[in-house]
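Subject: Structure for you to look at, with notes

Dear colleague,

I am passing on the structure we spoke about, and below it you will find my notes, arranged by topic. Please read them with the model open beside you.

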Amino acid sequence: MITTTDLTKVYRSRGREVTALDGVDLHVREGEVYGVVGRSGAGKSTLIRCVNLLERPSSGTVTVAGQDLTALAGRGQRANAALRQARSRIGMVFQHFNLLSSRTVRDNIELPLEILGVSGKERTRKALELLDLVGLSAQAKAYPAQLSGGQKQRVGIARALAGDPKVLLSDEATSALDPETTRSILQLLRDLNRQLGLTVLLITHEMDVVKTICDSAALMKGGRVVESGTVSELLATPGSELAAELFPVGGEPSGPDRTVVDVTFHGEAATQPVISQLSRTYNIDISILGAAMDTVAGKQVGRMRIELPGRFEENVVPIGFLREQGLQVEVAAVADAVDSDGLQEAAGLAKDGAQ
Ligand SMILES: Nc1ncnc2c1ncn2[C@@H]1O[C@H](COP(=O)(O)OP(=O)(O)OP(=O)(O)O)[C@@H](O)[C@H]1O
Ligand SMILES: [Mg+2]
């Protein structure tokens, strides 16, 4: 639905150059919620502003719903009209809502329709329909100053939907909201994604946001996408920084002669009660030291740190059992002083080895 190819953006100001985007290839599938995370200055806002051509990329292409927007930008009047038209199919939600304080809620939502030249009657019909959709019918005549932050953001979302977009872009839409309001806005975005088949590209610095509503995510650093994929794919990638931040596990061995392993659950294997099977099959007591699990579509996804009695070499078979179930297993710590890397290699269980 959204594809960027080798997208770069270089800002030039007062003789200085800042490379905000450095060859970004992003692929957002139709109907998914896609999260972009990264530190301040990583280029997230620049990326999203380039996707709807609010910012002109220095090079590379942006395709939204099969249309190459970069080919339209700045190529004469007809192309500009086509770009405006294409942009009206991309909604944008902002951190600070950007509502006009002198206009009522309804008039704020009508604004983009006015710009598109929609008739007064039709504008009002549409605005009232959208207010209903975001649960704000009672506030149609209120002014922004009379609304809570969460309500303002609902107006922002309704306004973004005025042009019947296929794609919604959101730059930190919940950063100015408290945790409970954040949850309700995320739920609204999820509902809209499902009900309207809306593709959502959102930027956030909160891993919780990704965990709550995103199907896929990308991590940006220094203007580049350094990791990307569905949450399952990320979990399946050994050493994934995003997976570790989404599903952090901690926990230290409880004593000597213990083996600590991190088990990653994703895909089909995650439907089986493997830990109890392991315990029964080998008659061993297993302690769970830490876990970050979620249930997605009836399957468990996430990571768990477990402790097995005995040293590593005594646990080669149970660890092999877990791998046979299709789980990813990494030996996190061996309590005694043996050279665990050497042992793992010898047993074909190298840390970064596949399942
Ligand atoms: N208009 C501009 N002119 C010059 N440099 C800019 C401009 N906009 C952004 N930059 C620079 O580009 C880089 C990326 O900025 P960007 O706003 O995309 O980061 P971000 O990931 O959204 O950060 P944050 O999490 O703080 O919002 C930064 O180094 C920033 O200073
Ligand atoms: Mg930003």
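Predicted model: local features only at pLDDT ≥ 70, side-chain atom pairs only at ≥ 80, totals over all residues.

Arg-106 belongs to helix α4, which covers residues 105–115, and, once its neighbours within four places in sequence are set aside, Arg-106 is in contact with Thr-124, Ala-127, Leu-128, Leu-131 and Ala-140. Between Arg-106 and Arg-159 there are 9.0 Å from C-alpha to C-alpha, although the two are 53 residues apart in sequence.

Next comes the sheet, which is open and has 6 strands in the order β6-β7-β8-β3-β9-β10, with mixed pairing. The edges are taken by β6 (90–94) and β10 (224–230), and each of them has a single partner strand, so one side of each is left without a neighbour in the sheet. From one strand to the next, the twist averages 15°.

Within that order, β3 (residues 33–38) has 6 of its 6 residues buried and is therefore largely enclosed by the rest of the structure. In a regular strand the side chains alternate between the two faces of the sheet.

As for its partners, β3 pairs with β8 in the parallel sense over 4 bridges, with Tyr-34 standing opposite Leu-201 of β8. Strand β9 (residues 216–221) also runs parallel to β3 and is joined to it by 5 bridges; here Gly-35 has Ala-217 as its bridge partner. Strand β8 (residues 199–203) is in turn joined by 5 bridges to β7 (residues 167–171), again in parallel, and Val-167 has Thr-199 of β8 as its bridge partner.

Finally, the domain assignment gives domain 1 as 2–235 and domain 2 as 247–354, and their C-alpha centres lie 40 Å apart. The contact between them takes 4 residues from domain 1 and 10 residues from domain 2. What area is buried between domain 1 and domain 2? The value is about 510 Å², of which carbon and sulfur atoms give 65%. On the side of domain 1, Lys-211, Ser-232 and Leu-235 lose the most area to domain 2, together 92% of what that side buries, while the count of salt bridges between the two domains is 0.

With best regards

Definitions and conventions
Residues numbered from 1 in each chain as written. Chains lettered and ligands numbered in written order. Heavy atoms only, no water. Pairing = 2+ DSSP bridges. Helix = DSSP H or I, 4+ residues; strand = E, 2+ residues; numbered from the N terminus. Axes fitted to C-alpha atoms, helices over the stretch in contact; angles between N-to-C directions. Contact = heavy atoms within 4.5 Å. Domains from an automatic or database assignment. Buried area = accessible area lost by both parts, 1.4 Å probe. Salt bridge = Lys/Arg side-chain N within 4 Å of Asp/Glu carboxyl O. Buried < 20%, exposed > 50% of the residue type's maximum accessible area, 1.4 Å probe, protein only.
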